[in-house]
Amino acid sequence: MSEIRLDGQVAVVTGAGRGLGREHALLLGARGAAVVVNDLGGALDGAGGEASPAEQVVAQIRAAGGTATVDTNDVSTPESASRIVATATETYGRLDILVNNAGILRDRSMAKLTPEEIGSVLDVHLGGTIWTSRAAWPVMTGQGYGRIINTTSAAGLFGNFGQTGYAAAKAGIWGVTKTLAIEGARNGIQVNAIEPGARTRMTENLLGDLADRLDPSLVAPVVLWLAARECATTGEVYNVGGGRVARVVIAQTPGFFSREITAEALRDGWDALNDPGRAEVMTTFQQEMGVLVGLLADGDPSAVADA
C-alpha cells in the first residue's frame, strides 16, 4: 500500500495547539506538508493567549524532520484571518490545505444566554471558518487547487442542551461547506467537513467512560485523506470517532402532497409523513425541488407523494 504524501504542499491548521488540531498538524507534517500551526493559546472559553501550545507542536514537527511555523492570529475577524493565510504565503509561497478547526465553548441554556456569549462562539466557529476560507480562496483559485476541511459537530446536526450558540455555528458550517464545494469546483478547490467525536478540552467532561477510547489521533487520518490529491470527494460531511468513519447525509420522507392541503388532512396523514422508512437521500436543492416539480406536473390535486 503506497503512503499518502503531501510533499511540497503547505497546510494551515487553526486551533492546532491542542486536541484535534494538534493531531491534524502533526500528521500533515509527518506526511511532508509544511504546516502553519495556528493557535491563540487561550483558555477553553477563548480568554487569554500564549504561544507555547503552538510552539510545542511546531517543535514536535521539526524534531520529526518536518517543516512548521507558529501563527498566533485570531480566526474570528477578516483582518486576522488574512494574516493567518499571509503567514503561509509569505513563509512558504503557497497554500494548498486549510483545516478550519479552531473553536471555543461558552455553553449556556437559553434562559441564561447573553449576546456576548453567543456572539463570541459564532465569531470563532462560524466566522473563523468563513474568514479563513475567504482569505485562502484567492490563493487557491490562483493555483487552481486547494483542499479545505471544516469542523462541524453533532450538536449542529441534532442539537444539545445548553449549546444554542455552538449548535448554530456548527450547523452554519454545514451550509458553508456545501456552498463552498459548489463554488470551488471549477477551480479545483474541494471542501468537506468532519463531525468528530474525540477526547479534547471541549469534550473530556462529557464523554465519561468513552473518553479513553476516543483519542483525537483517530480523527486525523480522515483529515489527511480529505487533504490528499488522490481524494476526489467534495461537499461531504463525515462523522469520525474512535476508528469509525461514516458519511452524514440529508434525507427526506416522501411526504404528503395535496393542492387542497388542510391542517386536518395533515393531522390524519401525519404519521405517514414522518415515517423515515422510505426516506430518500438528498444531495442538492435541485433534487429536492425536483420532487415537488414532478408532483405538480402530475396534475392530480389529491395525490399523495409516495415515490
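Me: What makes β6 and β7 a strand pair?
Reply: Strand β6 (residues 189-196) and strand β7 (residues 237-241) share 4 bridges in the parallel sense. Two strands pair if DSSP finds at least two bridges between them, so 4 bridges qualify. Strands are DSSP runs of E, at least two residues, and helices are runs of H or I, at least four, numbered from the N terminus. Glu-195 stands opposite Asn-239 in β7. The model is predicted: local features need pLDDT of at least 70, side-chain atom pairs 80 or more, while totals for chains, interfaces and linings use all residues. Residues count from 1 along each chain as its sequence is written, and side-chain values use heavy atoms, without hydrogens and water.

Me: Why are β3 and β8 called edge strands?
Reply: The open sheet has 8 strands, ordered β3-β2-β1-β4-β5-β6-β7-β8, with mixed pairing. β3 (67-71) and β8 (244-248) each pair on one side only.

Me: Why is α4 called roughly parallel to α6?
Reply: The axes of α4 (residues 115-143) and α6 (residues 164-184) cross at roughly 15° and come within 8 Å. Axes are lines fitted to C-alpha atoms, for helices over the stretch in contact, and angles run from 0 to 180 degrees between N-to-C directions. Angles under 35 degrees count as roughly parallel, so α4 is roughly parallel to α6.

Me: Which residues of α4 and α6 make the contact?
Reply: Contact means heavy atoms within 4.5 Å. Among them are Ile-118 and Trp-137 of α4, and Thr-164 and Leu-180 of α6.

Me: Which strands does α6 lie across?
Reply: α6 lies across β5 (146-151), β6, β7 and β8, at about 160° to β6.

How values were computed
Angles under 35 degrees count as roughly parallel, over 145 as roughly antiparallel, 65 to 115 as roughly perpendicular and the rest as oblique.
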